[in-house]
Amino acid sequence: MTKGIITSESPEIHWQHLNVAGGRVLDLGCAFWTEAERQEANGTTKYFLSQKPEFYMGVDINQGDINTLSQQYPQGKFLCEKADSAFQMDTWITENSITHIKCDIEGDETQLLQIGNVHNLKEIAIELHYSDAWLKEFIDWFDSIGFECYRNDSVSFCAEISVIYGRLKC
């Protein structure tokens with residue numbers, strides 16, 4: 001597994017190892033992180049849509065950002081919901097034939113651990129807000145669903161956060 005360091009919340013840096021070109025994306029936590037991002041409309045939606053996925057779905061609890069993103073990116077599908085249910089996540093994955101997940105939902109990422117059938121998933125990137133024990137839980141989950149954890153990037157400006165990347169084993 002490759003290890004790296006993330007030095008910015010900018011999507012081009014923070015999520016640079018998740019290539020969604022031609023895929024079907026579920027972006028959990030798609031709203032803007034900072035007011036500057038909001039003013040520049042430079043969030044993960046813009047970043048992932050620039051990679052030309054076949055389908056893009058963004059989910060977030062910030063209704064104002066969801067409204068803005070829906071207007072700016074009519075080619076995407078947007079939901080204002082809290083992503084805190086494994087059942088709901090599994091439904092979104094199944095109903096939309098999702099192949100790529102980006103997950104940045106401030107602690108609720110643990111709901112993913114309850115999903116056992118990965119359907120069409122090929123790649124997952126998850127921002128973790130926990131200790132090394134949680135990292136091991138997610139690596140074990142990747143293994144249980146037939147994925148390999150190929151990258152673990154620590155966040156330079158927040159020691160308790162890391163981003164892990166998993167992909168379907170060949």
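Is Lys52 buried or exposed? Lys52 is exposed, with a relative accessible area of 64%. The views below show this and other details of a predicted model.

View 1. Lys52 sits in the loop between helix H3 (44–49) and E3. His119 is found in another setting, the loop between E5 and E6. With 33% relative accessibility, His119 counts as partly exposed.

**View 2. The largest nonpolar core has 29 residues.** Which residues have the most contacts inside this core? They are Leu26, Leu28, Ile101, Ile124, Ile126 and Trp141. Several elements each supply at least two residues of the core. Strands E2 (24–28), E3 (55–60), E5 (100–103), E6 (123–128) and E7 (147–155) are among them. Helices H5 (86–95) and H6 (132–144) are too. A second, separate core has 23 residues, including Cys30, Ile66, Tyr73 and Val155.

**View 3. Leu26 and the residues it touches.** Residues up to four places away in sequence are not counted here. Leu26 is one of the residues with the most contacts inside the largest core.

**View 4. Helix H6 has a buried side and exposed residues on the other side.** H6 has 13 residues. From its first C-alpha to its last, H6 reaches 18 Å, close to the 18 Å expected at 1.5 Å a residue. Which residues of H6 are buried? Leu135, Phe138, Trp141 and Phe142 are. They cover an arc of only 125° around the axis, so they lie on the same side of H6. On the other side, Asp132, Ala133, Lys136 and Ser144 are exposed. The cover over the buried residues includes E6, E7 and strand E8 (162–168). After H6 comes Gly146, with a positive phi near 85°.

**View 5. Phe138 and Trp141 form an aromatic pair within H6.** The two residues are 3 residues apart, about one turn of the helix. Their ring centres are 6.4 Å apart. Their planes meet at 85°; that is over 60 degrees, so the pair is edge-to-face. Phe138 is buried, with a relative accessible area of 0%. Trp141 is buried as well, at 5%. Together with Phe142 and Phe147, these two residues form one aromatic cluster.

**View 6. Tyr47 and Phe48 form a tilted pair.** How many aromatic pairs does a search of the whole structure find? It finds 6. In one of them, the rings of Tyr47 and Phe48 have their centres 5.1 Å apart. Their planes are at 55°, so this pair is tilted. Tyr47 counts as buried at 12% relative accessibility. Phe48 also counts as buried, at 0%.

**View 7. A charge sits over a ring.** Here the ring belongs to Tyr150. The charged end of Arg167 sits over it, 4.0 Å from the ring centre.

Notes. Residues numbered from 1 in each chain as written. Predicted model: local features only at pLDDT ≥ 70, side-chain atom pairs only at ≥ 80, totals over all residues. Heavy atoms only, no water. Core = buried A, V, L, I, M, F, W, Y, C linked by side-chain atoms within 4.5 Å. Buried < 20%, exposed > 50% of the residue type's maximum accessible area, 1.4 Å probe, protein only. Helix = DSSP H or I, 4+ residues; strand = E, 2+ residues; numbered from the N terminus. Contact = heavy atoms within 4.5 Å. Phe/Tyr/Trp six-rings, centres within 6.5 Å; stacked < 30°, edge-to-face > 60°. Lys NZ or Arg CZ within 6 Å of the ring centre and 35° of its normal. Expected span 1.5 Å × (residues − 1). Arc of directions from axis to C-beta.
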